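Here are a few notes to go with your first look at this one. Have the viewer open and follow along point by point.

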Amino acid sequence: MTSSAPKVPGTPGCPFHAGAAPTASLTRRPAADDALEPVPTFNGVRDILKDPELKQAGFLAGLVQQSAGQQGHAPVLYLQGDEHTEMRRATAKYFTPTAVNAYQPMIARLADDLIGELVRKGEVNLDDLSLKLAVTVAAQVIGLNASRLPGMEKRIEAFVTGDVDGAPGAAMKSSPLRQARMGTNVALFFTLDVKPAIEARRKSAQDDLISYLLEREYSDQDILTECITYATAGMITTREFITLAAYQMLRHPELRAEYLHSTEKERHAILHEILRLDPVVGTLYRRAEQDVEVAGQHYPSGTTFALNVQTANADPGIVGEDAEQLCPHRPLPRGVQAQGLSFGDGPHRCPGAFLAIKESDVFLRRLLIWRDLEILRHPDIGYNELVKGYELRRLRVRLGQAGAGRA
């Protein structure tokens, strides 16, 4: 189906409303914590995210900030004010469209290698391929490319998917044994991946994040914490989105065909719409350090806001009454981005948004063009309490018996 396909009556401008289109219900899991102040509307969530006085309260912010007080530097995700602005300005160069376009040949080679793995084996877990892609691409930007042993993606997965709740005030749910195991996994990541990268950059600085952190005299522990932050908030989330987008398009042939026969701009619009419906990070948290007013309502100092991104992205007052239907062509108000608030907004908006969409597109186009690619096993859909987002595991795909034909 192309953009010239007939429209369904009653849904002008959108070719995907024939009842088979994916909806946000695939991964819906609303926030449920009575101790927090829920903010479900798009404008309310956006206003809070844009407020520079509200502090990051998720992703173990309290624990990390307490630790950073002993170490000297907090990761950029938790910085505030001038220090945060300076750090974002200095590292923005790694994520600009120009920089990302320079990464494209590397991403394309990696994607071809991963597709080659599928061709050789005949069938694979797609989430394993997307993990390799997301980790390897981000590692190039960060500077994590001097590992002593292969398999960094599995070492990262081991500590990111542990029993840790990233909500404000939550404690680790796991037993002392599991906590010790997580500590071991982090130690392995440091010894085999982070430390070798630091040593290599001390000998010869490169144009990457670790080299910049060394220039700012970050300690090894500071750099490890920063790398863990990027692994949690960047690599793993991109892995989940690639898996979800592939799954949705494999389930919906009309969407897959539209994607494959579109321009890059149109393909990105489809990916943004999939992400709007199913944001990888479903809930964000902010804490007021002083009295604040949101949407005309007063909140006292100490209020912690739970921002349900998925609900906000489906606000009918912003995206239309068909808010839970996939429609890349939907008109949006000025200032509302196609992916909604899935990359956040304001000072802490995801710096790697363009990179995530670019690498997803490069890989998915190469994958989905194989017309005999099919689902062998539907994924288990779980939930990661650390990032407050979905996990898709064991999505098994194969090339059909007819051979590797192209669309």
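The points below cover a sheet and then a pair of helices.

1. Before anything else, keep in mind that this is a predicted model.

2. Start with the sheet. It is an open one, built from 3 strands in the order E3-E11-E8, and the pairing is antiparallel. Out at the edges you'll find strand E3 (123–125) and strand E8 (373–377), each of which pairs on one side only. On average, neighbouring strands here are turned by 30° against each other, direction ignored.

3. Now zoom in on one pairing of that sheet. Strand E11 covers residues 396–399, and E8 pairs with E11 in the antiparallel sense over 4 bridges.

4. Next, the helices. How far apart are the axes of helix H9 and helix H14 where they pack? They lie 10 Å apart, at an angle of about 40°, with H9 spanning residues 220–251 and H14 residues 353–368. The crossing of H9 past H14 is right-handed.

5. Who does the touching? From H9, the contact takes in Thr 238, Phe 241, Ile 242, Ala 245, Ala 246, Met 249 and Leu 250. H14 contributes Ala 356, Ile 357, Glu 359, Ser 360, Phe 363, Leu 364, Leu 367 and Leu 368. Sorted by type, the contact residues of H9 and H14 come out as 12 nonpolar, 2 polar and 1 charged.

Conventions: Residues numbered from 1 in each chain as written. Predicted model: local features only at pLDDT ≥ 70, side-chain atom pairs only at ≥ 80, totals over all residues. Heavy atoms only, no water. Pairing = 2+ DSSP bridges. Helix = DSSP H or I, 4+ residues; strand = E, 2+ residues; numbered from the N terminus. Axes fitted to C-alpha atoms, helices over the stretch in contact; angles between N-to-C directions. Left-handed = near helix turned anticlockwise from the far one by under 90°. Contact = heavy atoms within 4.5 Å. Nonpolar A, V, L, I, M, F, W, Y, C, P; charged D, E, K, R; others polar.
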